[in-house]
Amino acid sequence: MFGQSKAFSGFSVDDLGRAREFYGETLGLSVEETGEGDMRMLTIKLGTGANVFVYPKDNHTPASFTILNFPVDDVEAAVDGLAQRGVTMERYPEFEADDKGIVRGPEGPAAIAWFTDPAGNVLSVLQEN
(Lines give C-alpha, C1' and ligand atoms only; values in the text may rest on other atoms or scores of the structure.)
Protein backbone atom coordinates (compact mmCIF):
# COMPACT_ATOMS: atom_id res chain seq x y z
CA MET A 1 0.00 0.00 0.00
CA PHE A 2 2.73 2.48 0.95
CA GLY A 3 5.64 0.77 -0.82
CA GLN A 4 6.16 3.65 -3.24
CA SER A 5 5.39 6.39 -0.72
CA LYS A 6 8.03 9.03 -0.05
CA ALA A 7 7.63 8.48 3.68
CA PHE A 8 9.74 10.44 6.15
CA SER A 9 10.44 10.44 9.84
CA GLY A 10 10.13 13.34 12.23
CA PHE A 11 10.83 14.35 15.80
CA SER A 12 10.47 17.37 18.05
CA VAL A 13 13.00 19.71 19.64
CA ASP A 14 12.68 22.47 22.20
CA ASP A 15 14.74 25.06 20.28
CA LEU A 16 14.66 25.07 16.48
CA GLY A 17 17.61 27.48 16.18
CA ARG A 18 19.88 25.28 18.29
CA ALA A 19 18.73 22.22 16.32
CA ARG A 20 19.50 23.96 13.00
CA GLU A 21 23.00 24.86 14.23
CA PHE A 22 23.67 21.36 15.59
CA TYR A 23 22.44 19.37 12.60
CA GLY A 24 23.77 21.84 10.03
CA GLU A 25 27.04 23.07 11.49
CA THR A 26 28.09 20.47 14.05
CA LEU A 27 27.03 17.39 12.07
CA GLY A 28 27.45 18.97 8.63
CA LEU A 29 24.07 17.90 7.29
CA SER A 30 22.01 19.82 4.77
CA VAL A 31 19.28 21.60 6.74
CA GLU A 32 16.48 23.67 5.28
CA GLU A 33 14.20 25.88 7.40
CA THR A 34 10.69 26.67 6.23
CA GLY A 35 7.61 28.35 7.64
CA GLU A 36 7.16 31.36 9.84
CA GLY A 37 6.49 32.01 13.52
CA ASP A 38 4.93 29.01 15.26
CA MET A 39 4.86 27.12 11.95
CA ARG A 40 8.66 27.03 11.45
CA MET A 41 10.23 23.63 10.83
CA LEU A 42 13.45 22.07 9.63
CA THR A 43 14.04 19.46 6.97
CA ILE A 44 17.27 17.51 7.34
CA LYS A 45 18.35 16.07 4.02
CA LEU A 46 20.27 12.82 4.37
CA GLY A 47 22.73 11.42 1.86
CA THR A 48 20.37 8.55 1.10
CA GLY A 49 17.84 10.96 -0.38
CA ALA A 50 15.63 10.64 2.69
CA ASN A 51 14.41 13.64 4.63
CA VAL A 52 13.78 14.03 8.35
CA PHE A 53 11.25 16.57 9.59
CA VAL A 54 12.15 18.48 12.79
CA TYR A 55 9.56 20.64 14.51
CA PRO A 56 9.51 22.76 17.67
CA LYS A 57 7.37 21.66 20.56
CA ASP A 58 6.91 23.75 23.70
CA ASN A 59 6.51 20.73 25.97
CA HIS A 60 9.18 18.65 24.19
CA THR A 61 10.30 15.49 25.93
CA PRO A 62 13.52 13.98 24.53
CA ALA A 63 13.20 10.58 22.90
CA SER A 64 14.58 7.89 25.22
CA PHE A 65 15.54 5.75 22.24
CA THR A 66 17.77 6.27 19.21
CA ILE A 67 15.92 8.43 16.69
CA LEU A 68 18.63 8.66 14.03
CA ASN A 69 21.54 6.33 13.24
CA PHE A 70 24.53 7.32 11.12
CA PRO A 71 26.37 4.30 9.65
CA VAL A 72 30.08 5.09 9.23
CA ASP A 73 33.10 3.21 7.88
CA ASP A 74 35.25 4.09 10.90
CA VAL A 75 33.39 4.60 14.19
CA GLU A 76 36.54 5.70 16.04
CA ALA A 77 37.21 8.47 13.51
CA ALA A 78 33.55 9.53 13.68
CA VAL A 79 33.63 9.68 17.49
CA ASP A 80 36.90 11.62 17.41
CA GLY A 81 35.39 14.07 14.90
CA LEU A 82 32.30 14.56 17.04
CA ALA A 83 34.43 15.10 20.15
CA GLN A 84 36.42 17.78 18.29
CA ARG A 85 33.09 19.53 17.65
CA GLY A 86 32.18 19.43 21.34
CA VAL A 87 29.84 16.42 21.21
CA THR A 88 29.98 14.06 24.20
CA MET A 89 29.22 10.36 23.87
CA GLU A 90 26.49 8.96 26.11
CA ARG A 91 27.16 5.98 28.33
CA TYR A 92 24.51 3.53 29.41
CA PRO A 93 25.05 1.19 32.39
CA GLU A 94 23.79 -1.86 30.50
CA PHE A 95 26.51 -1.50 27.82
CA GLU A 96 30.25 -1.71 28.40
CA ALA A 97 31.94 1.16 26.54
CA ASP A 98 35.60 1.91 25.93
CA ASP A 99 37.31 5.19 26.91
CA LYS A 100 35.79 6.98 23.90
CA GLY A 101 32.25 5.76 24.66
CA ILE A 102 32.20 3.13 21.90
CA VAL A 103 30.34 -0.11 22.59
CA ARG A 104 31.51 -3.22 20.78
CA GLY A 105 29.72 -6.51 20.83
CA PRO A 106 29.20 -9.85 19.17
CA GLU A 107 25.59 -9.02 18.25
CA GLY A 108 24.24 -6.10 16.25
CA PRO A 109 26.65 -3.56 14.79
CA ALA A 110 30.40 -4.10 15.13
CA ALA A 111 30.59 -0.87 17.15
CA ILE A 112 28.20 1.90 18.16
CA ALA A 113 28.38 5.15 20.11
CA TRP A 114 25.44 7.27 21.20
CA PHE A 115 25.19 11.02 21.62
CA THR A 116 22.37 13.54 21.99
CA ASP A 117 21.26 16.63 20.12
CA PRO A 118 20.75 19.88 22.08
CA ALA A 119 17.13 18.85 22.80
CA GLY A 120 18.29 15.57 24.37
CA ASN A 121 17.18 13.26 21.54
CA VAL A 122 19.44 10.21 21.17
CA LEU A 123 21.49 9.70 17.97
CA SER A 124 24.21 7.20 17.11
CA VAL A 125 27.18 6.52 14.89
CA LEU A 126 27.61 2.86 14.12
CA GLN A 127 30.01 0.71 12.21
CA GLU A 128 28.39 -2.33 10.69
CA ASN A 129 29.95 -5.80 10.59
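**View 1. Aromatic pairs across the whole predicted model.** A search of the whole structure finds six aromatic pairs, where rings of Phe, Tyr and Trp (its six-membered ring) pair if their centres lie within 6.5 Å, and planes under 30 degrees apart count as stacked, over 60 as edge-to-face and the rest as tilted. This is a predicted model, in which local features need pLDDT of at least 70 and side-chain atom pairs count only at pLDDT 80 or more, while totals for chains, interfaces and linings use all residues. Residues are numbered from 1 along each chain as its sequence is written, and side-chain values use heavy atoms, with hydrogens and water left out.

**View 2. The pair of Phe8 and Phe53.** The ring centres of Phe8 and Phe53 are 6.3 Å apart and their planes stand at 75 degrees, so the pair is edge-to-face. Because Phe8 lies in the segment before strand 1 (9-13) and Phe53 in strand 4 (residues 51-56), the pair ties together parts that are 45 residues apart in sequence; strands (E, at least two residues) are DSSP runs, numbered from the N terminus. Phe8 is exposed, at a relative accessible area of 57%, whereas Phe53 is partly exposed at 25% (buried means under 20%, exposed over 50%, partly exposed in between, with a 1.4 Å probe and protein chains only). Ring pairs join Phe8, Phe53 and Tyr55 into a cluster.

View 3. Apart from neighbours within four places in sequence, Thr43 is in contact (heavy atoms within 4.5 Å) with Ser30, Val31, Glu32, Asn51 and Val52.

Technical notes
Helices (H or I, at least four residues) and strands (E, at least two) are DSSP runs, numbered from the N terminus.
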